[in-house]
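Hi there,

Here is the structure I promised to pass along. Have a look at it first, and my notes follow below.

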Amino acid sequence: MTTTTAKEQLAKKLRAISNKERFELELEFVQSLANPYFIHDMAKRGLLQNEQFIAYLKYLQYWRLDARYAKYVLYPHCFHFLKLLMREEFRRAMRNPRKCDFVHKQQLDHWLKSLERRMRSSGNDDDDTVIT
């Protein structure tokens, strides 16, 4: 009986390791979706037309819908792109380098406006402040 318990404990530890690794891999992949050029590269390679890959993207939606997982994400723009990737029109558009550049510019504009709003609301509107 002790041997079975030891085997069960070992199997449980192995599952936990694989779950941890899966968590880390999925987290890294989901966060990489914050980069429009990464999405463009996947589109060029045909991944965004692959039904199995689209099903995987649907599976990954829990990252943006479940706060228990979302709290680990450092690049929240990935949630917006993860949602957009459910739309065939967006997946198709991201094959076009100009559309990818446009999306990237929109993303940068959003960040800059957000930074400006935060600086204004904090009362830090010194002319010496450099935004890099």
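By class, the residues in the contact of α2 with α8 are five nonpolar, three polar and one charged. Please keep in mind while reading that this is a predicted model.

Here is the geometry of that pair. Helix α2 covers residues 36-44 and helix α8 covers residues 97-121. Their axes come within 9 Å and cross at roughly 160 degrees. Angles over 145 degrees count as roughly antiparallel, so α2 is roughly antiparallel to α8.

Which residues meet there? On the α2 side they are Pro36, Tyr37 and His40. On the α8 side they are Pro97, Cys100, Asp101, Val103, His104 and Gln107.

Now for the whole protein. The secondary structure consists of eight helices and zero strands, which gives the pattern α-α-α-α-α-α-α-α along the sequence. Of the 132 residues in the protein, 28% are buried. The accessible surface comes to about 9,900 Å², and carbon and sulfur atoms account for 55% of that surface.

One more number, on contacts: taking those between residues at least 6 apart in sequence, 66% join residues at least 24 apart. The α2 and α8 pair may be a handy place to begin when you open the file, with Tyr37 and His40 among the α2 residues that meet α8.

Note on methods:
Residues are numbered from 1 along each chain as its sequence is written. This is a predicted model: local features need pLDDT of at least 70, side-chain atom pairs count only at pLDDT 80 or more; totals for chains, interfaces and linings use all residues. Side-chain values use heavy atoms; hydrogens and water are left out. Helices (H or I, at least four residues) and strands (E, at least two) are DSSP runs, numbered from the N terminus. Buried means under 20% relative accessible area, exposed over 50%, partly exposed in between (1.4 Å probe, protein chains only). Contact means heavy atoms within 4.5 Å. Accessible areas come from the Shrake-Rupley method with a 1.4 Å probe; for residues, only the protein chains shown count as cover. Axes are lines fitted to C-alpha atoms, for helices over the stretch in contact, and angles run from 0 to 180 degrees between N-to-C directions. Angles under 35 degrees count as roughly parallel, over 145 as roughly antiparallel, 65 to 115 as roughly perpendicular and the rest as oblique. Ala, Val, Leu, Ile, Met, Phe, Trp, Tyr, Cys and Pro count as nonpolar, Asp, Glu, Lys and Arg as charged, and the others, Gly among them, as polar.
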